[in-house]
Amino acid sequence: MKDERILMLLRFISVVFLVLFILLNIASITYYQNKFTFILLFILFILFFIPALIFYKRLIKFYLIKDYKEIEERLYEGKTYRFSKINSAIINDYQRAIIDLKDKNSYILGRYDVLDSIRKQYKKDMKKARKLQEYMMPKKMPNNQKINSAYLYKPLEMIGGDFFDYINIDENRILFIMADISGHGVEAAIITAMFKTAFRNLASNFKSVSNLIYTMNNYLLKILPINYYLTMVVAEIDLINYKATYSNASHTPLILIHNNEIKEYSKGGTIIGLFPKANYEEETINICKDDILFFYTDGVTEASKSKNKYDLYGIDRLKKVIYDNKYLKAEKIVDSIEKDFYEYLSYMSPDDDFTMALFKIK
């Protein structure tokens with residue numbers, strides 16, 4: 001602080017001297033007609049002012065360097081402490097920086113409060129959307145004296161793009177559908193709502209699975225946004241004649257356990273929503289007591305616990321779990337698949353929606 005007072009005194013003396021000189025020159029011009037007096041005063045001022053200015057700058061430089069860079073060391077209890085002297089200019093700069101940071105921090109906190117409020121509202125909206133999407137899914141699967149069934153639906157995000165549904169054509173025939181919309185999240189979830197409406201409306205005039213999937217393709221081509229498509233499998237399960245008729249639109253294969261053999265079925269056609277008037281085949285397979293029909297999306301078989309594209313859960317592992325647990329009830333088989341699936345992933349979250357549905361004939 002002593003050094004700071006010296007600097008202030010020097011500044012004051014310099015200002016006073018400069019003002020006096022200006023006044024003196026004005027007076028010499030006004031009152032003295034002899035120019036020699038003015039010239040003499042000017043020369044004296046130059047001879048005095050330039051050395052004084054040099055001296056003043058050196059003093060300032062000396063004190064500033066001393067204030068900013070002088071470091072004092074003190075030994076206390078065996079430890080050396082270093083102290084740096086600072087002047088009021090540094091303190092003022094520091095205070096201004098603190099005020100600026102405070103203002104910016106207040107602005108950031110204000111924006112954070114707004115964003116946090118939006119985030120909380122988004123979470124609430126997504127929870128509502130999740131409930132609405134769950135409401136679109138069947139609340140229960142067919143379980144009676146002729147069939148036992150169960151399902152598992154796990155969207156990657158709060159809502160997803162996998163979809164399944166069924167209707168009872170009559171008391172002995174079940175029409176089941178499973179689809180996987182391209183992508184996941186909000187956009188895919190909106191399309192599932194459109195898809196459910198389309199399925200329910202078109203299934204009311206059901207003729208055959210191939211006709212239904214053909215009609216749905218042409219209908220969805222008109223309402224789907226550009227660059228969106230889906231895969232699906234449709235199956236009619238006849239519990240009187242013990243037959244299952246299916247058509248597969250580039251979906252994952254239908255897995256059937258029949259007479260202790262496990263097979264894959266994938267006859268059908270191309271992706272839904274891309275090609276108008278695409279043709280779809282259907283196939284009828286015989287079923288009997290204790291047979292298992294298993295439908296799933298590619299989020300199951302293509303799940304990976306690493307970035308290695310060849311390190312997948314895979315259909316062979318999936319079939320083995322189903323076959324090893326074939327004597328259990330449908331719910332227990334699905335539980336076993338889920339347990340094995342997450343054990344493979346080391347209980348990490350998969351990178352896609354995944355859905356499965358299993359029907360066991362009694």
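**Chat about a helix and a sheet**

Modeller: Isoleucine 13 lies in helix α1 (residues 2–31); helices (H or I, at least four residues) and strands (E, at least two) are DSSP runs, numbered from the N terminus. The model is predicted, so local features need pLDDT of at least 70 and side-chain atom pairs 80 or more, while totals for chains, interfaces and linings use all residues. Residues are numbered from 1 along each chain as its sequence is written, and side-chain values use heavy atoms, without hydrogens and water.

Colleague: New topic. What is the strand order in the open sheet of five?

Modeller: The order is β3-β13-β12-β8-β9, with antiparallel pairing; strands pair if DSSP finds at least two bridges between them.

Colleague: Which strands stand at the edges?

Modeller: β3 (147–154) and β9 (261–265) do, each with a single partner strand, so one side of each has no neighbour in the sheet.

Colleague: How many bridges join β3 to β13?

Modeller: Eight, and β13 covers residues 354–361. Alanine 150 has leucine 358 in β13 as its bridge partner.

Colleague: Which strands does helix α8 touch?

Modeller: Helix α8 (residues 330–344) touches β3, β12 and β13, where contact means heavy atoms within 4.5 Å. Its direction makes about 30 degrees with that of β3. Axes are lines fitted to C-alpha atoms, for helices over the stretch in contact, and angles run from 0 to 180 degrees between N-to-C directions.
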